[in-house]
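Here is a short report on one protein chain. Please look over the sequence and the model first, then read on.

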Amino acid sequence: MGSPGRVAPDSRVGRRGRKILAEFGGERRAEEAFATIMAARSHDLATPHWTLQYLGVRANARGSGLGVHVVAPMLAAIDDDGWECGLVSTNARNVSFYERLGFKVAAEVESPEGTVTLRPMHRASAPGSEDQRVNGERPHC
């Protein structure tokens, strides 16, 4: 998860993301995907929010509930603190998974080559939790 704020493409997290993309899709596809991710940022939430950076489940474990098992506790903690959450889905088949977790597609951003379509998705904070933040900041306890 990326904490509220932006991740620069040349940051440690950005470089790791490029490496992960290259491992799964090859260097050329990784560059195209990463450039499209940067274009999709124009659809980021305007308020401070958490970002689900990377989530992957091996093909033989898909549908087993592993993704929900990993993400649900983080989303519950984000809800408890009254934050919104965003992500970018790189696979249309994953949209329904994220929708079941409360995310909604904000846009579809196609790569210049037309080979990658990204879907920025947003998840509102839990009802009643927004009063836990003051000026976008979590109160100190």
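## Salt bridges

The chain has 2 salt bridges, each a side-chain nitrogen of Lys or Arg within 4 Å of a carboxyl oxygen of Asp or Glu. The model is predicted: local features need pLDDT of at least 70, side-chain atom pairs count only at pLDDT 80 or more, and totals for chains, interfaces and linings use all residues. Residues are numbered from 1 along each chain as its sequence is written, and side-chain values use heavy atoms, with hydrogens and water left out.

Helices (H or I, at least four residues) and strands (E, at least two) are DSSP runs, numbered from the N terminus. Arg 123 is buried, with a relative accessible area of 13%. Asp 79 is buried too, at 15%. Here buried means under 20% relative accessible area, exposed means over 50%, and partly exposed lies in between (1.4 Å probe, protein chains only).

Arg 119 forms a salt bridge with Glu 108, and their closest N and O atoms are 3.3 Å apart. Arg 119 lies in strand 5 and Glu 108 in the loop between strand 3 and strand 4, so the pair ties together parts that are 11 residues apart in sequence. Are these two residues buried or exposed? Arg 119 is buried, with a relative accessible area of 11%. Glu 108 is exposed, at 56%.

## Overall layout

The chain holds 4 helices and 5 strands. Along the sequence they follow the pattern α-α-β-α-β-α-β-β-β. Of the 141 residues in the chain, 35% are buried.

Contact means heavy atoms within 4.5 Å. Among contacts between residues at least 6 apart in sequence, 67% join residues at least 24 apart. The accessible surface comes to about 8,800 Å², and 52% of it belongs to carbon and sulfur atoms. Accessible areas come from the Shrake-Rupley method with a 1.4 Å probe; for residues, only the protein chains shown count as cover.

Strand 5 covers residues 117-123. Why is strand 5 described as largely enclosed by the rest of the structure? The reason is burial: 5 of its 7 residues are buried.

Two strands pair if DSSP finds at least two bridges between them. Strand 2 (residues 84-89) runs antiparallel to strand 5, and 5 bridges join them. Cys 85 stands opposite Arg 123 there. Strand 3 (residues 104-105) also pairs with strand 5 in the antiparallel sense, over 2 bridges. Lys 104 faces His 122 of strand 5 as its opposite residue. Strand 4 (residues 109-110) is antiparallel to strand 5 as well, with 2 bridges. Val 109 has Leu 118 as its bridge partner. The hairpin of strand 4 and strand 5 has 6 residues between the strands, and Gly 114 takes a positive phi near 75 degrees in this hairpin.

## Strand 2 and strand 1

Strand 2 is largely enclosed by the rest of the structure, because 5 of its 6 residues are buried. Strand 1 (residues 49-52) runs parallel to strand 2, joined by 4 bridges. His 49 stands opposite Glu 84 of strand 2.

## Nonpolar cores

A nonpolar core is a set of buried Ala, Val, Leu, Ile, Met, Phe, Trp, Tyr and Cys residues joined through side-chain atoms within 4.5 Å. The largest one has 13 residues. Those with the most contacts inside it are Leu 75, Leu 87, Tyr 98, Leu 101, Phe 103 and Met 121. Helix 3 (66-80), strand 2 and helix 4 (95-100) each supply at least two residues of this core.

What does Leu 87 touch, leaving aside its neighbours within four places in sequence? Leu 87 is in contact with Leu 52, Tyr 98, Phe 103, Arg 119, Pro 120 and Met 121.
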